[in-house]
Amino acid sequence: QTMENVSDSVKSESIQSFQSTIRKSENALDQMAEKGANTALIRKRLKAFRIGLSMLKSTWYQEPHPYTQEELAEARHVLAGLLPSIKRIYAKSKEGSPQKTLLERRIKAFQLAVQAIDDFAKRQEEQAGR
């Protein structure tokens with residue numbers, strides 16, 4: 001499906017899903033930092049989540065984003081890389097449970113963010129080719 005055809009409810013759920021994922025990651029980062037744990041991976045993921053959210057807002061609400069091609073490519077790699085493990089957890093979670101709904105929305109949000117990044121990259125290429 002194209003990004004333009006996404007329903008308002010899915011847009012809203014996807015944005016909320018990213019905001020929730022970012023909040024949880026920020027809390028995890030704080031806890032890890034307190035314990036002196038290595039925070040490189042969570043920082044990398046957190047940046048990818050922020051970029052994903054930003055790209056959805058940019059695509060749907062024309063909010064500008066400050067990210068470079070490299071940052072977008074890295075975020076796409078991180079988000080796409082997390083999808084298989086989220087799908088595995090989703091498959092194991094109980095039918096009708098709040099967790100299953102949450103994971104379903106997160107999967108959709110990540111897929112849409114990856115698509116938004118791909119669409120943006122394609123537009124950049126087309127503009128460069130003119």
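Reply: Glu-26 counts as partly exposed, at 30% relative accessibility. Here buried means under 20% relative accessible area, exposed means over 50%, and partly exposed lies in between, with a 1.4 Å probe and protein chains only. This is a predicted model, in which local features need pLDDT of at least 70 and side-chain atom pairs count only at pLDDT 80 or more, while totals for chains, interfaces and linings use all residues. Residues are numbered from 1 along each chain as its sequence is written, and side-chain values use heavy atoms, with hydrogens and water left out.

The partner of Glu-26 is Arg-50: the two form a salt bridge, with their closest N and O atoms 2.7 Å apart. Arg-50 sits in helix 2 (residues 40-61) and Glu-26 in helix 1 (residues 8-35), so the pair ties together parts 24 residues apart in sequence. Helices are DSSP runs (H or I, at least four residues), numbered from the N terminus. Arg-50 is also partly exposed, at 37%. A salt bridge needs a side-chain nitrogen of Lys or Arg within 4 Å of a carboxyl oxygen of Asp or Glu. The structure holds 6 of them.

Another one joins Glu-74 to Lys-44, at 3.4 Å from N to O. Glu-74 belongs to helix 3 (residues 69-92) and Lys-44 to helix 2, so this pair links parts 30 residues apart in sequence. Glu-74 is partly exposed at 34%. Lys-44 is partly exposed at 41%.

Now take Lys-100 and Glu-95. Their closest N and O atoms are 3.5 Å apart, in a salt bridge. Lys-100 is buried, with a relative accessible area of 8%. Glu-95 is exposed, at 64%.

Next, the open space. The largest pocket has a volume of about 270 Å³. A pocket is an open set of points on a 1 Å grid over the protein atoms alone, where a 1.4 Å probe fits, with protein on both sides within 12 Å along at least five of seven lines; lining residues have an atom within 4 Å of a point. The volume is the space filled by probe spheres set on the points, which are joined across faces, edges and corners. The lining has 15 residues, and Arg-45, Phe-49, Leu-82, Ile-86 and Arg-106 lie nearest the centre. Helices 1, 2, 3 and 4 (98-129) each supply at least two lining residues. By class, the lining holds 9 nonpolar, 3 polar and 3 charged residues.

Key
Nonpolar A, V, L, I, M, F, W, Y, C, P; charged D, E, K, R; others polar.
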